[in-house]
Number of protein chains: 2
Amino acid sequence: MKRGRDGLIQAKNTQTIEKIADGSILTPKGYKAGGIHSGLRYRKKDFALLMSERPASAAAVYTQSHFQAPPLKVTQESIAEQGKIQSVVINSAVANACTGEEGLANAYEMRRMIAKRFDIPDEYVAVASTGVIGQQLPMEKIAHGCENVEPSGTGYKDFQQAILTTDTCQKHACYQVQVGGKTVSIGGAAKGSGMIHPNMATMLGFITTDATIESSDLKRALSSSIDKSFNQITVDGETSTNDMVLTLANGEIDHEPLTEEHADWEAFQTALQLVCEDLAKQIAKDGEGATKLIEVVVTGARTNEEARIIGKKVVGSSLVKTAVYGLDANWGRIVGAIGHSEAEVDPNQCDIYIEDQLVFSNGTPCPFSEEQATEDLDNEEVKITIRLREGDGAGTAWGCDLTYDYVKINASYRT
Amino acid sequence: MKRGRDGLIQAKNTQTIEKIADGSILTPKGYKAGGIHSGLRYRKKDFALLMSERPASAAAVYTQSHFQAPPLKVTQESIAEQGKIQSVVINSAVANACTGEEGLANAYEMRRMIAKRFDIPDEYVAVASTGVIGQQLPMEKIAHGCENVEPSGTGYKDFQQAILTTDTCQKHACYQVQVGGKTVSIGGAAKGSGMIHPNMATMLGFITTDATIESSDLKRALSSSIDKSFNQITVDGETSTNDMVLTLANGEIDHEPLTEEHADWEAFQTALQLVCEDLAKQIAKDGEGATKLIEVVVTGARTNEEARIIGKKVVGSSLVKTAVYGLDANWGRIVGAIGHSEAEVDPNQCDIYIEDQLVFSNGTPCPFSEEQATEDLDNEEVKITIRLREGDGAGTAWGCDLTYDYVKINASYRT
């Protein structure tokens, strides 16, 4: 895969993938969305709905936390039934996590209300929540949302807004790709990095496509994409009880169903990954108190997985994060973070670049321009490249700097 | 093991272990120590020496970083020779890490100079360095130190001072225990948590005892102690290139050599662990910018190891650390940290206490006094207890809060 100018990406098989700058979850055909204020938050929108005109193949990945919240259990159960979802209902403000039996009953009830209103089976409805944990859902307000949220062909901004918590901006992405000679769209909306008392950052991602693909194949494509995107971002190393990325494919574009044998499988897979990567970077950049996006590219690792491990270790290091915030080209901290990853590293075969400057090579520091480095670090996006000589493994991770505001937001939220 | 009043600890076999409040590495018989200013730092002491009157059984544990610094290689080599060390030489200010072949030659030279001056074999000398990485040792200043540092029977404070970097206080501990009816002392000095541009926190620990024990048995006792002490503290999740804990046992007290079969093995092991734990807690408490020591006690895990993993995950969580700083009884963040540890946890079987208050039980939050919690968190030491119902595993971890000063120290060190 090679990226050209103007956001055009050439997949190996010469398929062209195009980024649609103002695209969203409603760019793919056959979807509607909406978002309203239903009284869960003080004034902001807090209740969202995504609808597909017909039942869509569904695939999702969920938090690895032992404390998985009830909405995730209900969504898993829905998808397990037939691999189809037609409607996704989301509330913000209250996460419905650590809420026991009552919380589970409430998540089922939320699903039931949407199913009833749109006259579809319960198992065609997915449920997601984000916000405070340990509180029960205010069910009158949830009922009000279920009855009044109006999906439309233009409601994507309302949807994007209603799923946010303390995020400072909406997050959306869209790419188009040719499948069987026809244009297929993949759009996404996400939230993340917002911290709500007494909660941790919850990450939610919703991806729509009009491609034709079975649930099991969609799951395969999604899992591979997630490993290289959402799983490669870190704001502060935490995992939420409510994290979930859900993908729907409604088959509005009529082509030979996508499988691994399909000639355009790789192009589709790449486009899906780009949507995930785009959303993931937006989440990382909007990390609490963050002023910069940090990208760590690792090449020459023994395996792709080891490259990803090292990248995440570096981008997650508090010392690297504070150094970047302080515009400090502190290669020593990068060495430290690489050094204590589980991956195989030979210090004497390791090069480190901060942007274009080589700062460390073959186990010892190199002379470099501190002035240039400070200038490079004083951008909204900072790139660190680590080149090992262990093998062909490559991977990228994204994160943000650690600032006074991170401490402020998280230490003084309740006071 | 049960702790009584007045610092007296009853080991299972009724052996009594006593904490010596003003004890040090010179409380055990047959040791001398000293520390001087040798020009590596601007004014502060920067060069230290520990001597045993006779060759002592030696055991050490080293950083797991892939970038292990030259002094550690030289010390490993020394101990590997005969398992004996008589002299330990330490400089601060320059870590001699990431310094390649020249750095290794310099570490050998530092060893050779001490061996020559005191007329002992090279392999009886251990070497340690802490400070800036990526810089070569200034060898004239090192030579000056090797020639002029004067070990004495009262020089422990000079020693304790000279090994520090940005630590705000000296760290020492001493415990006495009966072995074969005789009083054996175990003393220690440590440094840690200081961050030096462009470095990461280096942790050094030096432990002396006058007990009689072979190197291999000492290693066994040390490794077990380290797992429950130095390895259980975290300031910011980083590992240094120079971390080392070194123990010397010179056999000045004449008793049946300690082995696992010795009746007093457990008492000795417990006392050694208490020295390590004491030093480790002092390091955690002196973490950069820290205002509090946080202790996380985990019981009821499947294994001791899993208990330690969970404890360290909680005490290392940036969200828990900022919450404690903000006096916020934020059980949700503790749940989050437990939830994403690798250990086995059943959320519905998990209790969480902040000091004496139960705040979370069986998967849901409990009513508790916020006022009392704020008061409890407003102490220099804060205890979080996590009770699982998976098995008999128990473990403790220590750390500190995450404050504005941490960001300040680490973001603006170079400006």
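## Polar contacts and salt bridges across the interface

A polar contact is a pair of N or O atoms within 3.5 Å; within protein, one must be able to donate a hydrogen and the other to accept it, and residues adjacent in sequence count only if both atoms are side-chain atoms. Between chain A and chain B, 6 residue pairs are in polar contact, both residues at pLDDT 80 or more. Salt bridges between the two chains number 0. A salt bridge here is a side-chain nitrogen of Lys or Arg within 4 Å of a carboxyl oxygen of Asp or Glu.

This is a predicted model: local features need pLDDT of at least 70, side-chain atom pairs count only at pLDDT 80 or more, and totals for chains, interfaces and linings use all residues. Residues are numbered from 1 along each chain as its sequence is written, chains are lettered from A and ligands numbered from 1 in the order in which they are written, and side-chain values use heavy atoms, with hydrogens and water left out.

## Make-up of the interface

Chain A and chain B bury about 4,600 Å² between them, 62% of it on carbon and sulfur atoms. Buried area is the accessible area (1.4 Å probe) that two parts lose on being put together, summed over both. Helix H8 (318-325), helix H9 (331-339), strand E16 (364-365) and helix H11 (404-411) of chain A each supply at least two residues of the side that touches chain B. H9(A) gives the most, with 8 residues. Helices (H or I, at least four residues) and strands (E, at least two) are DSSP runs, numbered from the N terminus.

The contact (heavy atoms within 4.5 Å) takes 56 residues from chain A and 56 residues from chain B.

## Symmetry

Chain A can be laid on chain B with an RMSD of 0.0 Å, by a turn of 180° and a shift of 0.0 Å along the axis. The two copies are thus related as by a two-fold rotation axis. The superposition is by least squares on the C-alpha atoms of residues with pLDDT of at least 70 in both copies. In chain A, Tyr404(A) has the C-alpha nearest the axis, 2.9 Å from it. Both copies use the same surface: 100% of the contact residues of chain A recur in chain B.

Over all chains, the count is 33 salt bridges. In one of chain A, the side chains of Lys19(A) and Asp278(A) meet at 2.4 Å, N to O. Lys19(A) lies in strand E3 (residues 16-19) and Asp278(A) in helix H6 (residues 265-285) of chain A, so the pair ties together parts 259 residues apart in sequence.
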